[in-house]
Structures are given as C-alpha cells and as structure tokens.
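Please keep the sequence and the model open while reading.

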Amino acid sequence: MILTITLNTSIDKAYRLASPLVDGTVMRVEECIDNAGGKGLNVSRSVLTCGEEVLATGFAGGNNGRLLCELLDRDGVPHDFVAVESETRCCINVLEPSGRSTEFLEPGRKVGEESLAELEKRVSALLSSADVVTISGSIPKGLSTNAYTRLISLVKSQGKPCILDTSGNTLVASIDSLPTAIKPNADEIAQILGREVGSIDELAHAARELHGRGIEKVIVSLGGDGAIMACAEGIFRGVAPKIEVVNPVGAGDTMVGALAVGMKRRLEAPEQLRYAMACASANCLSASTGHFEMEVAERLLEQTVVERIA
Ligand SMILES: Nc1ncnc2c1ncn2[C@@H]1O[C@H](COP(=O)(O)OP(=O)(O)OP(=O)(O)O)[C@@H](O)[C@H]1O
Ligand SMILES: [Mg+2]
C-alpha cells in the first residue's frame, strides 16, 4: 500500500460561468464542480489509476472535512484523516467561456501542534502496511516548518521510503532530514540551492549534489523538457514525448504517485523514471487536474526515453 500524507487538504470548487467575469458585479455560476483537493490527493488518485492500493491521511476538519471524505469515497480513495477543529479550506477556480481561469486559494486555517502529534501516532500505526510514503504540498498555519522533518524522520525510522514534494521555505527546511526521494521542478531546485540552475548540465550537477548529500533519488521535473534523475545507478535524462497539452496542472503530482508505484514494484531506477514520466505526460492530455488514463500512459511509455548521461 502507498500511504499519502496531505496536511493542507482543500475542497476545490470549479465555478463555470456562462458569460465573461465582470469585476465588481454579481456573477451567477452556471455549474459548480467539487473535488477533494490538495496535492497529496492528486497523488492518491494517480496511485489508484496505476492499479495499486493507496491510503490517504492528513488533516480534515468541520463540514468541509466531511465533504472531503465523501468526495474521496466517490473517487474510491480510501482515507484515514486526523479530525481537526478548524474547517478544511476551499479553493475556488472561476472558469470563463473563453477558457480564462481565476483562482482564489484560501490560506488554510490554523492547525495545532497537538494535531500533528496525533497524526504522527496515526502514521506510525499505518507504517507497517505501507510500502512507500509520500508527503505533498504546503503545511497549514499554526504548525512550524519542521512538521515534515518530523514526519520524514518517523517514516525513515521504520525503514520505509519517503518521497517529499513541496516548495519554498518548507522544502528548504525539510531537505536536511533527507527524504528518500524528492521531485522538485526547476523553480524548486533553485529554491533548495539558493541559486539559478538553467542548463541541463547545471541541473544534472545540482541533482548530483543533492544526491551526494544523502537523498537517494533526486528527480528534477522540467515540464515538456522531461526530467533529470540522480541516484546510485547514475545520472539519467528523461525525454518526454511531444504532445498537444490539454491541462498540465498536477503533472508533478501524478509523477510522484507513479514514482511511488514504480518504487513499490521495485522497477529498475531508470524504469521508475520512465513510468513516472509517461503517467505525468498522460496527465497533461486530460482536462481534469491531476487525472490521467492508464491506456494513454501505456501508449506514451513507448515514446518516453530515458538515457544515462553520467
Ligand atoms: N508539455 C509536456 N509534454 C510532455 N510531458 C510533460 C509536459 N509537461 C509535463 N510533462 C511531464 O510531467 C512531468 C512533471 O511536470 P512538471 O515539471 O510541470 O511538474 P510540476 O511543476 O511539479 O507540476 P505540478 O506541481 O503542477 O503537479 C515532466 O517531468 C514530464 O515528464
Ligand atoms: Mg509540483
């Protein structure tokens, strides 16, 4: 089973408008589509699409927390959240007929340290049946940036691999706890190193540097330019197939879910990358965020090339 941890869950609401958005007026919404959101829940759906068992944990609170669980039931994602007092946030995406979208992201309400302690107990109990653990997204207000450090140490102390996918200060603060694998994009690798990294050579060097610090697998995802991976087996370059992108949002989350599956199945390292990339490219061909079809991924797998560069 793959255990996914999402601390900052949300109800993602897509508001479809019948006419263009006019600032400062009353707008009627044609259709409202609710989804269980938070990057780790995209990871959970990706694992299911790959055909492996998943369990989603993290925090859920109030009426929105209950709705979140209902939406996950609808998607067939098993879950075991720690109930918190503060209401789970909503993120609203206003979609106009032109395709333009405007997002309103609530910051997420405060979660207390006692809830993190409870989550640690929950994760600890679930670890014996977990093959791989993923930690995704931001940390809610009220918790210190060392929340992921604590969770990573806990997972590693029980000998389980842990993939971390986050950004900004949280990523910088968590890197020293040496997660088993990380999947920064180009912006995030620059945040970790505190310097711009541009060329493929520089990116490969940066990935090798982080691997040298003790992170077993460093995958830098580069959107349509594919990915670079540094691991014990060498440095690899993944070339993504040329596709007509429909919606690239959540491709990284899909990649993390498929990587966890590849690790669970003990595929060879370059095959783990190729599989994760093919699923992520398939995500770009699906209109709904963080969703893909396995038949599409299988077709793209044949067109995804991974080669050793060092
Ligand atoms: N335009 C594209 N064409 C083909 N494959 C793509 C494209 N964009 C992304 N991918 C695949 O998806 C992977 C992850 O994409 P990306 O680097 O954009 O992740 P990300 O920035 O973490 O995304 P997010 O955080 O929104 O989930 C890439 O390494 C690549 O394999
Ligand atoms: Mg990402």
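## A proline in a loop

Pro 78 counts as partly exposed because it has 14 C-beta neighbours inside 10 Å; a residue is buried with 20 or more other C-beta atoms within 10 Å of its own, exposed with 12 or fewer, and partly exposed in between, the C-beta atoms being placed from the backbone. Pro 78 lies in the loop between H2 and strand E5 (82-84), where helices (H or I, at least four residues) and strands (E, at least two) are DSSP runs numbered from the N terminus. Leaving aside neighbours within four places in sequence, Pro 78 is in contact with Val 54 and Leu 55, contact meaning that the C-beta atoms, placed from the backbone, lie within 7 Å. The C-alpha atoms of Pro 78 and Glu 53 are separated by 8.7 Å, the two residues being 25 apart along the chain.

The model is predicted, so that local features need pLDDT of at least 70 and side-chain atom pairs count only at pLDDT 80 or more, while totals for chains, interfaces and linings use all residues. Residues are numbered from 1 along each chain as its sequence is written, and chains are lettered from A and ligands numbered from 1 in the order in which they are written.

Four strands, in the order E3-E2-E6-E7, form an open sheet with mixed pairing; strands pair if DSSP finds at least two bridges between them. Strand E3 (29-37) and strand E7 (101-105) are the edge strands, each pairing on one side only. Strand E2 (residues 10-17) runs antiparallel to E3 and is joined to it by eight bridges, and Leu 17 stands opposite Val 29 in E3. Helix H2 (residues 62-75) packs on the sheet, where it touches E2, E3 and strand E6 (89-95).

## Two domains

The chain is divided into domain 1 (1-18 + 30-179) and domain 2 (183-310), with bounds from an automatic or database domain assignment. Across the boundary, 24 residues of domain 1 are in contact with 23 residues of domain 2. On the side of domain 1 that touches domain 2, H1 gives the most, with eight residues.

## Around ligand 1

Ligand 1 is surrounded by 21 residues, the closest being Asn 185, Ser 221, Gly 224, Gly 252 and Ala 280; a residue is near a molecule if its C-beta atom, placed from the backbone, lies within 6 Å of it. Helix H8 (251-264) and helix H9 (269-284) are the elements that give two or more residues to this shell.

Methods: Contact = placed C-beta atoms within 7 Å. Axes fitted to C-alpha atoms, helices over the stretch in contact; angles between N-to-C directions.
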